[in-house]
Amino acid sequence: MNRQELIERIATETEDSKASVARILDSFIRTVQATVAEGSEVKLSCFGKFEKAKVSARNGRNPLTKEPLALPETVRPRFVPGALFKAAVKA
């Protein structure tokens, strides 16, 4: 499912306009990105948690040349699904 399909499905279920749903979705995405970038978590009950995760420095390998290389420490976004989300996927 892509962004437009998601907007269409939500608009159908809520009987709201696609434009309104698109604005809400865009606002949600911007808010989650800004909050996680600041270092805070976004927890959504029954869905999951968005957070900033630290990845330690490690040794890697260039896939083309097979040369070893050092990968520096970095941060990345992470999503941890909630219990109900996991259960829905397993069902």
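Where is the place of cysteine 46? Cysteine 46 sits in the loop between strand E1 (42–44) and strand E2 (48–55), and has a positive phi of about 75 degrees although it is not a glycine. The labels for helices (H or I, at least four residues) and strands (E, at least two) come from DSSP runs, numbered from the N terminus.

A quick word on what you're looking at. This is a predicted model, where local features need pLDDT of at least 70 and side-chain atom pairs count only at pLDDT 80 or more, while totals for chains, interfaces and linings use all residues. Residues are numbered from 1 along each chain as its sequence is written, and side-chain values use heavy atoms, with hydrogens and water left out.

Now hop back to the start of the chain. Helix H1 covers residues 3–14, 12 residues in total, and its first and last C-alpha atoms are 16 Å apart, close to the 16 Å expected at 1.5 Å a residue; that expected span is 1.5 Å times one less than the number of residues. At its N-terminal end, H1 is capped by asparagine 2, with a side-chain oxygen 3.1 Å from the backbone nitrogen of glutamine 4.

At the other end, H1 is followed by glutamate 15, another non-glycine residue with a positive phi, this one near 55 degrees. Glutamate 15 lies in the loop between H1 and helix H2 (18–37). With a relative accessible area of 75%, glutamate 15 is exposed (over 50%; buried is under 20% and partly exposed in between, using a 1.4 Å probe and protein chains only).

Next, the aromatics. The structure holds 5 aromatic pairs, meaning rings of Phe, Tyr or Trp (its six-membered ring) with centres within 6.5 Å; planes under 30 degrees apart count as stacked, over 60 as edge-to-face and the rest as tilted. One of them joins phenylalanine 50 and phenylalanine 79: the ring centres are 4.9 Å apart and the planes are at 45 degrees, so this pair is tilted. It links distant parts of the chain, with phenylalanine 50 in strand E2 and phenylalanine 79 in strand E5 (residues 74–81), 29 residues apart.

Phenylalanine 79 also pairs with phenylalanine 85, with centres 6.0 Å apart and planes at 55 degrees, so that pair is tilted too. Phenylalanine 79 counts as partly exposed at 29% relative accessibility, and phenylalanine 85 is partly exposed at 29% as well.

Methods:
A polar contact is a pair of N or O atoms within 3.5 Å; within protein, one must be able to donate a hydrogen and the other to accept it, and residues adjacent in sequence count only if both atoms are side-chain atoms.
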